Protein chains: 2
Amino acid sequence: MTTTERIRAAREPARSGTSACLLAVDWGTTRFRCWLLARDGGILGERRGDEGLRSAAAAGGFEAILERHAAALDAGPALPAFVCGMAGARGGWREAPYLDLPAELATLAEAAVRVPVARPTFVLPGLARRGAERRDVMRGEETQLLGLAPGDALVCLPGTHSKWVRVVGGRVADFATSMTGELFDLLCRRSVLAPVVGDGAVDPADPDFTGAVGEGLAEPGSVTDRLFGLRADWLLDGTAPERSRARLSGLLVGAELAGAHRRFGPPEATTLVASGPLADLYAAALASVGTPAARIVPAEACVRAGLLAAARILLGGPA
Amino acid sequence: MTTTERIRAAREPARSGTSACLLAVDWGTTRFRCWLLARDGGILGERRGDEGLRSAAAAGGFEAILERHAAALDAGPALPAFVCGMAGARGGWREAPYLDLPAELATLAEAAVRVPVARPTFVLPGLARRGAERRDVMRGEETQLLGLAPGDALVCLPGTHSKWVRVVGGRVADFATSMTGELFDLLCRRSVLAPVVGDGAVDPADPDFTGAVGEGLAEPGSVTDRLFGLRADWLLDGTAPERSRARLSGLLVGAELAGAHRRFGPPEATTLVASGPLADLYAAALASVGTPAARIVPAEACVRAGLLAAARILLGGPA
């Protein structure tokens with residue numbers, strides 16, 4: 001079997017029942033999410049918390065946090081846990097060193113690192129692009145890719161640090177990161193633009209948003225000028241915060257698209273891995289510049305599918 | 001006399017003595033600076049404080065702050081005060097509405113707004129670029145321009161919000177703002193890059209800085225990718241904070257230069273208005289991309305000269 005076939009086989013719904021087979025854990029810098037999964041991928045229980053890496057020590061340490069949530073889900077001590085995200089970073093729970101590009105997605109499971117605790121617990125590695133320049137890293141998104149199991153695709157995973165990933169023949173060939181979400185957050189909350197843009201959601205259908213996407217894509221070099229222009233609009237014209245917020249978001253997303261176009265070429269058919277408002281926003285942005293997403297897949301479904309696939313690859317095929 | 005001739009006449013050293021003729025005040029969002037100036041422009045005394053706009057109310061209000069510093073400088077109650085900067089903004093001490101482009105620099109003095117306090121006190125207006133798009137504003141830099149009194153020039157005033165200004169025949173024809181300094185500060189202190197870049201000064205001669213300036217200028221659309229790349233360099237190679245900090249600064253300055261080139265054309269001869277390390281950094285950046293500054297003028301000298309010129313224009317020529 002090729003790698004892609006192996007992953008696809010691992011993702012096939014199991015024939016047998018709905019008893020719990022896995023604690024699937026997405027453990028990030030600021031958030032903890034965990035699902036109790038059945039063999040067929042069904043969700044038997046779910047827990048969310050704010051015990052991310054930053055607060056894990058204060059919350060009693062990694063094992064105690066996991067076991068607290070496991071107990072709440074009635075997950076017995078023999079049930080395996082698979083963990084992705086920053087918990088596998090240096091300074092996290094247990095370091096799972098980055099795999100280098102090009103990387104077969106199935107090797108993520110094989111490189112999982114066992115954590116020395118009572119419960120059989122495995123942390124998945126991230127991916128790294130090494131070399132002379134444009135080094136880059138991901139932790140968490142690779143598990144979404146494993147769950148997505150694309151053959152050939154350009155995948156956009158928007159977020160705090162948006163990832164654009166070129167997958168060729170089931171292997172991650174290249175990727176790039178744009179700090180779009182973090183810049184948006186810093187500018188909204190901490191910069192001179194805070195009173196200008198207010199808070200609240202951006203409407204993906206707002207022409208201020210889509211117009212600004214086009215500006216950011218066409219002239220990414222003018223984005224820092226245009227950002228301050230939002231303040232000028234507010235001072236001179238009393239522009240409403242929701243309009244300026246839509247423009248701020250659009251300018252940053254447009255600049256991200258410009259970077260992705262330059263790196264990967266204009267996307268013929270992007271797969272968008274995102275949920276909720278973020279999915280709507282990126283779908284609208286991609287459509288507004290004439291490159292609509294070919295497929296939109298919910299991010300959490302990909303995480304769960306990726307952790308389940310990893311468990312099946314490492315611990316045995318579907319029952 | 002033309003406007004430029006009037007300003008130049010107003011900037012001529014006075015023949016008579018060294019007695020105090022002006023309290024020159026640069027009152028920004030976070031800083032207060034004030035000089036007691038002689039008729040010939042000589043500095044008889046100087047005060048600096050952190051009673052910027054944000055903390056003015058807590059510090060007893062604008063008049064009390066000014067009078068406290070005036071008393072420390074032994075400046076009698078009849079001595080006029082000229083104020084530039086955010087104190088003239090809406091929500092500041094007394095609003096001095098923006099003058100529109102194109103703006104004769106001398107009209108800044110004529111549009112000064114008298115503050116209704118015992119001391120003869122005037123607040124200088126800022127400048128605004130209105131119109132359908134690329135609206136922009138400045139407050140403070142226009143007074144530096146008045147002090148600089150350029151005939152025809154492209155002027156770069158780097159800082160928290162860097163300004164690039166095209167002056168034609170003594171009139172401000174156009175300008176643009178880049179949030180370079182604020183972005184650098186946010187990314188260094190508040191972002192995921194904080195541990196990556198550490199703190200400390202950037203060496204203008206560091207090839208990491210000048211190399212990154214070139215990258216930002218050549219590919220401004222790749223800057224948000226390259227920012228996250230600093231984190232990857234740190235994670236994968238343990239790149240030293242001072243190197244990453246130099247690259248962060250260089251990328252942002254390079255993107256600023258790219259925006260200025262696009263807007264104003266490649267600068268044939270930029271006048272750089274800046275002091276200290278910031279002047280050294282921008283001088284190195286401009287030189288590294290083959291467009292060295294034609295002239296470097298200390299920013300505070302320009303502020304003082306501008307406030308003195310405004311006082312002379314409004315209250316009478318040099319004695």
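The sulfur of Cys21(A) lies 13 Å from the closest cysteine sulfur, which belongs to Cys34(A), and that is too far for a bond. Let us start our walk here, in what is a predicted model. Cys34(A) is not in a disulfide either, for the nearest cysteine sulfur, in Cys84(A), is 11 Å away. A disulfide needs two cysteine sulfur atoms within 2.5 Å, and a search of the whole structure finds zero of them over all chains. Both of these cysteines are tucked away from the surface: Cys21(A) counts as buried at 16% relative accessibility, and Cys34(A) is buried too, with a relative accessible area of 0%.

Now step back and look at the two chains together. The same surface serves both of them, since 100% of the contact residues of chain B recur in chain A.

The largest nonpolar core has 48 residues. Those with the most contacts inside this core are Leu187, Leu193 and Leu248 of chain A, together with Leu187, Leu193 and Leu248 of chain B. Which elements give two or more residues to this core? In chain A they are helix H6 (180-190), helix H7 (194-197), helix H9 (223-237) and helix H10 (241-264), and in chain B they are helix H6 (180-190), helix H7 (194-197), helix H9 (223-237) and helix H10 (241-264). Leaving aside residues up to four places away in sequence, Leu248(A) touches Phe184(A), Leu187(A), Cys188(A), Leu193(A), Val197(A), Leu227(A) and Leu230(A).

Next comes a sheet in chain B. This open sheet has six strands, in the order E6-E13-E12-E11-E14-E15, and its pairing is mixed. At its edges are strand E6 (103-104) and strand E15 (295-297) of chain B, each of which pairs on one side only. At the E15 end, three bridges join strand E14 (residues 270-273) of chain B to E15(B), and these two strands run parallel.

Thr271(A) is found in strand E14 (residues 270-273) of chain A and is buried, with a relative accessible area of 7%. Neighbours within four places in sequence aside, Thr271(A) is in contact with Leu148(A), Ala153(A), Leu154(A), Val155(A), Cys156(A), Arg295(A) and Val297(A).

Back in chain B, a helix lies over the sheet. Helix H11 (residues 276-288) lies across strand E11 (153-157), strand E12 (162-168), E14 and E15 of chain B, and runs at about 160° to E14(B). Tyr282(B) has its place in this helix. Is Tyr282(B) buried or exposed? At 3% relative accessibility, Tyr282(B) counts as buried. Not counting residues up to four places away in sequence, Tyr282(B) touches Cys156(B), Pro158(B), Ser162(B), Thr180(B), Val253(B), Glu256(B) and Leu272(B).

Our last stop is the backbone, where a few loops deserve a look. In chain A, the peptide bond from Leu101(A) to Pro102(A) is cis, with omega near -10°. Pro102(A) is in the loop between strand E5 (99-100) and strand E6 (103-104) of chain A. Chain B also has a cis peptide bond, joining Leu101(B) and Pro102(B), with omega about -15°. Pro102(B) sits in the loop between strand E5 (99-100) and E6 of chain B.

Two further residues have a positive phi without being glycine. Ala149(A) has a phi of about 50° and is placed in the loop between helix H5 (141-148) and strand E11 (153-157) of chain A. At 5% relative accessibility, Ala149(A) counts as buried. In chain B, the phi of Arg134(B) is near 55°, and Arg134(B) lies in the loop between strand E9 (127-129) and strand E10 (136-138).

Notes. Residues are numbered from 1 along each chain as its sequence is written. Chains are lettered from A and ligands numbered from 1 in the order in which they are written. This is a predicted model: local features need pLDDT of at least 70, side-chain atom pairs count only at pLDDT 80 or more; totals for chains, interfaces and linings use all residues. Side-chain values use heavy atoms; hydrogens and water are left out. Two strands pair if DSSP finds at least two bridges between them. Helices (H or I, at least four residues) and strands (E, at least two) are DSSP runs, numbered from the N terminus. Contact means heavy atoms within 4.5 Å. Axes are lines fitted to C-alpha atoms, for helices over the stretch in contact, and angles run from 0 to 180 degrees between N-to-C directions. A nonpolar core is a set of buried Ala, Val, Leu, Ile, Met, Phe, Trp, Tyr and Cys residues joined through side-chain atoms within 4.5 Å. Buried means under 20% relative accessible area, exposed over 50%, partly exposed in between (1.4 Å probe, protein chains only).
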